[in-house]
Amino acid sequence: MLHDWLLPLASFAYLGLLFAIAWYGDRRADAGRSLISNPYIYTLSIAVYCTAWTFYGSVGRAAGTGVGFLPIYLGPTLMALLWWFALRKLIRISKQHRLTSIADFIASRYGKSTFLGGVVTLIAVIGIMPYISLQLKAVSTSFNVLQSYPEIVTQAISPTVFGDTAFYVALVMTLFAILFGTRHIDVSERHEGMVAAIAFESVVKLLAFLAVGLFVSFGLFDGPWQIFEQASARPELQPLMLLGDDPGEYLDWLALTFLAMMAIIFLPRQFQVAVVENVNEEHLRKAAWLFPLYLLLINLFVLPIAFGGLLHYPDGTVDPDTFVLTLPLASGHGALATFVYLGGLSAATGMVIVATIALSTMICNDLVMPVLLRIRALRLEQRADLSGLLLGIRRGSIVLMLVLGYIYFRLIGESYALVSLGLLSFAAAAQFAPPILTGLYWKQASRAGALAGLLAGFTVWAYTLLLPAFALSGWIDISFVEQGLFGIHWLRPYALFGLTGLAPISHTVFWSMLCNVGLLVGVSLFSRQSLIEQIQATLFVDVFRRESSEAHYWGGTARVGDLRELLSRFLGSERVVTVFERFATHHGGDLDGDDIAVPALLNDAERELAGAIGAASARIMMATVVQGEALSLDGMLKILDETTQVIEYSRRLEQKSVQLEKATTDLQAANERLQELDRLKDEFVSTVSHELRTPLTSIRAFSEILLGDSTLPDDRRNEFLGVVVRESERLTRLVNQVLDITRMDAGRAEWEYQSVDLVAVIDEAATTTEQLFHEREVVLDWVRPESDATIEADRDRMIQVIINLLSNAVKFSPQGHGRVTVRLEPGLRWIRVSIADNGPGIPPDQDEHVFDRFHQVVHEDGSKPQGSGLGLAITRRIVEYHGGTIAVDNDYRDGARFIVVLPVIVNPPATDNRALA
């Protein structure tokens, strides 16, 4: 027995040292001299995988199964071989999109779904509770063993909370996690002090375990070979030295190896240190062999200690989980036992601190904030600073995690060995593997499939592992385990659907993975992805083929000032100044508050916001300031086609000789561009010539008839003259349109800006097209707004836009029972005009081309409407020049609807030099 004051003093002194290391690491980071920017620190931080389970539980499992402890370490070793392909991709994606957790990653991959992120968070919180309780149990048990040995070597949970060692351990861990895990609002920034402390703990626990292993092997015995020789002479220990011939044992090995392979990446704490805290993905090259070496060293003496303990305590009165402590104590080596205890304390605290930090980020960003942001009564969008709220949620979440872990420890912890508690969490974390790994390589994996798979897999895990744990602990009727739910025999949690012969863990792995993967793939094949899901899938799957992290898929517009205000509420004004200055430096130009933000700035702002509140919540907040479409088809197609473009670009680069000089390459590129321009010119001239030839041919033919046949009846002569007049008008319109678009392309168009009442504009356009509506017997439904709708614009051009859209709508409306609906919706900064018809609509394969020059929608019978195909092209050119957007409403199914969004105040460029797309 050690002195009562010595162990608490050593514990607090050691924790104080960790505080000092973490503080120093943060100071170095603030000074721009990172302490963790090397592959050795990175590898040691990943070694947080080796928790109290490794330090105590591995010996306990080896004492009961022999080499049965090995799969937990073979799995990560095998997975390390794939790190350069899988883990590097996770790191690259997370850095580009500023993803901060597993929940954030899955939510972002599947369309930035807040609901999916919340589900992942709940699964993680419930699934990791057993693991946290394991650490509390290990530290509490080791403390009690050192304080009480040799009178008692294990101690039941104290009847009172304040008399329980685990309670005070939880308090200290909570304090450490809060101090060094919630310093920054932006959780995508690295917790360098914490990582430094974790790396130091990894060294301590390795040295401590090696020390006790060397002591047992060469202090109590004459080497490991003597231990194995004596153990082989004991009949009761001989089975532990064999692999066994039961097929179920090999299935258990496979299941445990699989769980360990998944856990090394998909446990929340492992994702935190391996992905979020990564400084340089090149560090993976060394970590891929250094980490397996670390695992080999820390497990080198597991079997010697286990067999040594069984030989030293043949009566089985000592818990094998405590052999690393009791063997030195039994030999009077209290100092070594204290060092070993500190190693175990390192293993436990490292896991709990990183896990609670990771979970607190998930709870804040993917569970609490999405809910709060949707509660309008809270009016969070009106609060100037939300940074305090974010920090409060994260710190409260850390406290909640430790409280739940402690409650689980008191309810169930004493009923299970350390390894069994750990395997519960391993099986829960494995549920994240299918949606992440599938999402990395299969673009068709959908949000619906991922959600169905996760819910099914987690339900199976809870039914076959978590609920039986409560039953075996006396909190649920044990008949549930023995007879099945409602007494249904094939619903027994350890023999689900009649599957017997497997250990509980292997049984759970089989059914949960079958349901998870099966539903993920099946539902994805028969469900339809949304536009944002398709974009995110391409960005994730093709991350290595992209030259830039930019993903400009915001089709709407926002003022720079609104973006500044939004980011300031979450990041703080100082950080926002830095963000905008960096953007201005990289992209050039001043960012005035009244300017319309370019797509690159919208994308950059969303990424910065994602670092603070998660990708899904960032999407919600960005939608509050971006007007117009959140996603445009052009933006989607740009992203979806980017892979093809990059591949084609790479192919052209490979075909070029490396011997060519830069000047030659530039000249060749310029020549290719000239050829392309020449081709486009010829195509344009050919199209215009064709369109001009048609009315000219009609005019000439009917004129010749009129000139050559003086005997024509008056009605026929009038009919032919009407044709000549109509074709002349058509020819005039075509010439005017060609001149319009030519002047716009050349930057010579004249624009006269003034205050324009859009209600009066629509009235005038309706009057101009009144005869057309009358001839087609189409009804015009003009829904007038209740408020003023005045903008700064070129009035004549605005009339031209409305006339073009009205003419287009009436042309496609069914004659005799057609209806065209015009709506005007004024706003503070934007005005929205929609013009809809009840015609056949626009086929999905043509809606992105309707704004192209000379493009005409093809009907189902293959015919085309009359017209030049220039009207919508000119309309889009005018709208975009005014700083607005025009698009086809893809969700409108009663015909076709065009939506025009115009800013109230327009800042036109000095010259019109933008070419029409």
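Start by selecting helix α10, residues 224-232, and colour its buried residues: P224, I227 and A231. This is a predicted model, by the way. Look down the axis and you'll find that those three sit on the same side of α10, because they cover an arc of only 60 degrees around it. The general rule behind that: an α-helix has 3.6 residues a turn, so residues three or four places apart point the same way.

What do the buried residues of α10 pack against? Show α9 (192-220) and α14 (302-312), and you have both partners.

Zoom in on W83 and bring up what it touches beyond four places in sequence: I46, R88, I264, I265, L284, A287, A288 and F291.

Select L78, L81, L82, F85 and Y441, which together make a nonpolar patch of about 540 Å². Y441 belongs to helix α19 (residues 433-441). Is Y441 buried, partly exposed or exposed? It's partly exposed, because its relative accessible area is 46%.

Last, jump to strand β6 (residues 885-888) and click A887. A887 counts as buried, with a relative accessible area of 16%. Draw a C-alpha to C-alpha distance from A887 to V901: 8.9 Å in space, for 14 residues apart in sequence.

Notes. Residues are numbered from 1 along each chain as its sequence is written. This is a predicted model: local features need pLDDT of at least 70, side-chain atom pairs count only at pLDDT 80 or more; totals for chains, interfaces and linings use all residues. Side-chain values use heavy atoms; hydrogens and water are left out. Patches are made of residues with over 30% relative accessible area and no salt bridge: like charges are joined within 9 Å, nonpolar side chains (Val, Leu, Ile, Met, Phe, Trp, Tyr) within 5 Å. Accessible areas come from the Shrake-Rupley method with a 1.4 Å probe; for residues, only the protein chains shown count as cover. A salt bridge is a side-chain nitrogen of Lys or Arg within 4 Å of a carboxyl oxygen of Asp or Glu. Helices (H or I, at least four residues) and strands (E, at least two) are DSSP runs, numbered from the N terminus. Buried means under 20% relative accessible area, exposed over 50%, partly exposed in between (1.4 Å probe, protein chains only). Contact means heavy atoms within 4.5 Å. The arc is that of the directions from the helix axis to the C-beta atoms.
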